Amino acid sequence: MLRDAGVAFRQINADEVRQVEPAISRDTGLLDGVHLPDDEVANCRQFALLPKEQARLLGAEWWQRTRPGQPDGRKAGGN
């Protein structure tokens, strides 16, 4: 399936897996793995917070633990 999709990969043994990803414990039983050399990783938290920071720089305000309505306490829609 990877080959058909044009994705670069290679099958690697347990020692090679641990060279590619040293955080995998030696106590974790592995037979082999698949290495995707062109794969990328992202910091999901940072990805989610960047638009928030950009909005803040443009003047947006963020209110947490508030009830729906206006930040000044008035109910949305009047009065």
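**Exercise 1. Find the salt bridges in this predicted model and describe each pair.**

Solution. 
Step 1: A salt bridge is a side-chain nitrogen of Lys or Arg within 4 Å of a carboxyl oxygen of Asp or Glu. Side chains of opposite charge can pair when their charged atoms come close.

Step 2: Search. The model is predicted, so local features need pLDDT of at least 70 and side-chain atom pairs count only at pLDDT 80 or more, while totals for chains, interfaces and linings use all residues. Residues are numbered from 1 along each chain as its sequence is written, and side-chain values use heavy atoms, leaving out hydrogens and water.

Step 3: Take arginine 10. Arginine 10 pairs with glutamate 16, and their closest N and O atoms are 3.6 Å apart. Buried means under 20% relative accessible area, exposed means over 50%, and partly exposed lies in between (1.4 Å probe, protein chains only). Arginine 10 has 41% and is partly exposed. Glutamate 16 has 26% and is also partly exposed.

Step 4: Take aspartate 15. Its side chain meets that of arginine 26 in a salt bridge, 3.9 Å from N to O. This pair links distant parts of the chain, 11 residues apart: aspartate 15 is in helix H1 (residues 14-20), and arginine 26 is in the loop between H1 and strand E2 (32-35). Helices (H or I, at least four residues) and strands (E, at least two) are DSSP runs, numbered from the N terminus. Arginine 26 is exposed, at 62%.

Step 5: Take arginine 56. Arginine 56 bridges to glutamate 53, with the closest N and O atoms 2.6 Å apart.

**Exercise 2. Explain why arginine 56 and glutamate 53 are separated by about one helical turn.**

Solution. 
Step 1: Count along the helix. The two residues are three apart in helix H2, so about one helical turn separates arginine 56 and glutamate 53.

Step 2: Recall the geometry. An α-helix has 3.6 residues a turn, so residues three or four places apart point the same way.

Step 3: Arginine 56 is partly exposed at 42%. Glutamate 53 is partly exposed at 33%.

**Exercise 3. Compare the span of helix H2 with the expected value, then inspect both ends.**

Solution. 
Step 1: Read the span. H2 covers residues 44-57, which is 14 residues. From first C-alpha to last, H2 reaches 21 Å.

Step 2: Compare. The expected span is 1.5 Å times one less than the number of residues.

Step 3: Look at the start. A side-chain oxygen of asparagine 43 comes within 3.2 Å of the backbone nitrogen of arginine 45.

Step 4: Look past the end. Just after H2, glycine 59 has a positive phi of about 110°.

**Exercise 4. Is arginine 18 buried or exposed, and which residues does arginine 18 touch?**

Solution. 
Step 1: Locate arginine 18. It lies in helix H1.

Step 2: Arginine 18 has a relative accessible area of 11%, so it is buried.

Step 3: List the contacts. Contact means heavy atoms within 4.5 Å. Leaving out residues up to four places away in sequence, arginine 18 touches Ile24, Ser25, Arg26, Thr28 and Leu30.

Step 4: Zoom in on threonine 28. Its backbone oxygen lies 2.4 Å from a polar atom of the arginine 18 side chain.

Step 5: Arginine 18 and glycine 33 are 15 residues apart along the chain, and their C-alpha atoms are separated by 9.8 Å.

**Exercise 5. Describe the whole chain.**

Solution. 
Step 1: Count the elements. The chain has two helices and two strands. Their order from the N terminus is β-α-β-α.

Step 2: Check burial. The chain has 79 residues, and 8% of them count as buried.

Step 3: Check the contacts. Among those with a separation of 6 or more, 27% join residues 24 or more positions apart.

Definitions and conventions
Polar contact = N/O pair within 3.5 Å; in protein donor to acceptor, adjacent residues only side chain to side chain.
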